[in-house]
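Please find below my notes on the model you sent. They are set out as numbered points for checking against the coordinates.

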Amino acid sequence: MVDIEELKKQFLNAEFDSKNFELDAEKLLVVAQTSGETRAEFTDITHADFQATPAFLCSLASGRHLPIDFPSLGGIPMDGGKAVECFKPIRPGQPITGKSHLHDIYDKQGRSGRMIFIVVRMEIFDAQEVLLAISDSRLVIREKPTA
Amino acid sequence: MSIQNILDVEFGTELPVFEPDTTLANVGAFARAVGWGGPRFESHEGARKEGFPGALVPGIMGMGFLVSAIHRWAPTGTVEHIDGVFRAPMIADTPAIISAVVTDIDEDEGLVELDMTVKNTKDETRVFGTARLRLPKA
């Protein structure tokens, strides 16, 4: 059985990934429209305050979810949920960088065994290193029972 | 009733129910726009081959529905934080019912807390979560 406290000591709060993005206006528009958005800031590309929806920001955290040296826990990580905190609007064409680290690791005992929850946090910065948003992804892994 | 400022909000108010477009075409367009195009979100048959009951609605699209429901209710508000727990898959071409209730109000700061759910027509919760909304003070 994996020692959660040991995993925390080894992996929490150490940046393991950094990606650069420039959001595409048409894609932001499609995401807003298909989500049922009605606000012009999200549905009108010509609006002076046109910006990404919170849901779009969550999508930036897809791809490599865990540090390359993170141990295998047996199961395939499932997407248990997302959270996003928005501090400033993020606009199309604006260079941004998403820096990822593990924010929390915890477990819960279920009837079918132990579930391990890993919170991957992506902090999104502009070119001046101003924090624009925080996107959390909760991965859930059903631990493989030891033989 | 459309909310314009924090004084319009009452504790325990239920937001108008919002039933978003979960058709396969709409879900596929969302998935492609976020770079997740593929059978899992665009084809019932393809998703079944992956072991799912049908094409899935991405969890983050569910969060998009929640934000849209808030904006429809409070067009002057800014969603500062939203947290969604993906409890069970949402399936494309099946209805999703978005509901929300006001659970806290901070009139000094202009902040509203909401509990939110996405359910199917069997009243089974697919996504639940919370949101924090900032509104004009008056």
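Predicted model: local features only at pLDDT ≥ 70, side-chain atom pairs only at ≥ 80, totals over all residues.

1. Overall sheet. Nine strands make up an open sheet, in the order β1(A)-β3(A)-β4(A)-β5(A)-β2(A)-β2(B)-β6(B)-β5(B)-β4(B), and the pairing is antiparallel. The edges are β1 (17-22) of chain A and β4 (97-106) of chain B, each of which pairs on one side only. From one strand to the next, the twist averages 20°.

2. Helix on the sheet. Helix α4 of chain B, residues 59-73, packs on this sheet. The helix touches β2 of chain A as well as β2 (78-86), β4, β5 (111-119) and β6 (125-134) of chain B. The direction of α4(B) makes about 140° with that of β2(B).

3. The chain A end of the sheet. β1(A) is joined to β3 of chain A (residues 95-110) by six bridges, and the two run antiparallel. Within this pair, A:E22 has A:P95 in β3(A) as its bridge partner. On a regular strand, side chains alternate between the two faces of the sheet, a point to keep in mind when reading off partners.

4. The hairpin. β3(A) and β4(A) form a hairpin, with two residues between them. The strands β3(A) and β4 (residues 113-126) of chain A run antiparallel and are joined by 14 bridges. A:L102 stands opposite A:V120 in β4(A).

5. Strand β2 of chain A. On the chain A side, β2(A), residues 78-86, runs antiparallel to β5(A), residues 131-142, and eight bridges join them. A:C86 has A:A133 in β5(A) as its bridge partner. β2(A) also runs antiparallel to β2(B), to which five bridges join it. Here A:A83 stands opposite B:D83 in β2(B).

6. The contact between chains. How many residues does each chain bring to the contact? Chain B brings 29 residues and chain A brings 24 residues. On the chain B side, α1 (24-33), α4 and β2 each supply at least two residues. The most comes from α4(B), with ten residues. The chain B side divides into 17 nonpolar, eight polar and four charged residues.

7. The nonpolar core. The largest nonpolar core has 68 residues, and A:L57, B:L66 and B:I70 have the most contacts inside it. α4(B) contributes the largest share of this core, nine residues. Nonpolar side chains tend to be buried together in soluble globular proteins.

8. A:L57 in detail. Apart from neighbours within four places in sequence, A:L57 is in contact with A:A52, A:V84, A:I90, A:I124, A:A133 and A:S135. One of these, A:A133, is also the bridge partner of A:C86.

9. Not counting residues up to four places away in sequence, B:E50 touches B:P39 and B:R40. B:E50 and B:I91 are 41 residues apart in sequence, and their C-alpha atoms are 14 Å apart in space.

Notes. Residues numbered from 1 in each chain as written. Chains lettered and ligands numbered in written order. Pairing = 2+ DSSP bridges. Helix = DSSP H or I, 4+ residues; strand = E, 2+ residues; numbered from the N terminus. Axes fitted to C-alpha atoms, helices over the stretch in contact; angles between N-to-C directions. Contact = placed C-beta atoms within 7 Å. Nonpolar A, V, L, I, M, F, W, Y, C, P; charged D, E, K, R; others polar. Core = buried A, V, L, I, M, F, W, Y, C linked by C-beta atoms within 7 Å. Buried ≥ 20, exposed ≤ 12 C-beta atoms within 10 Å, placed from the backbone.
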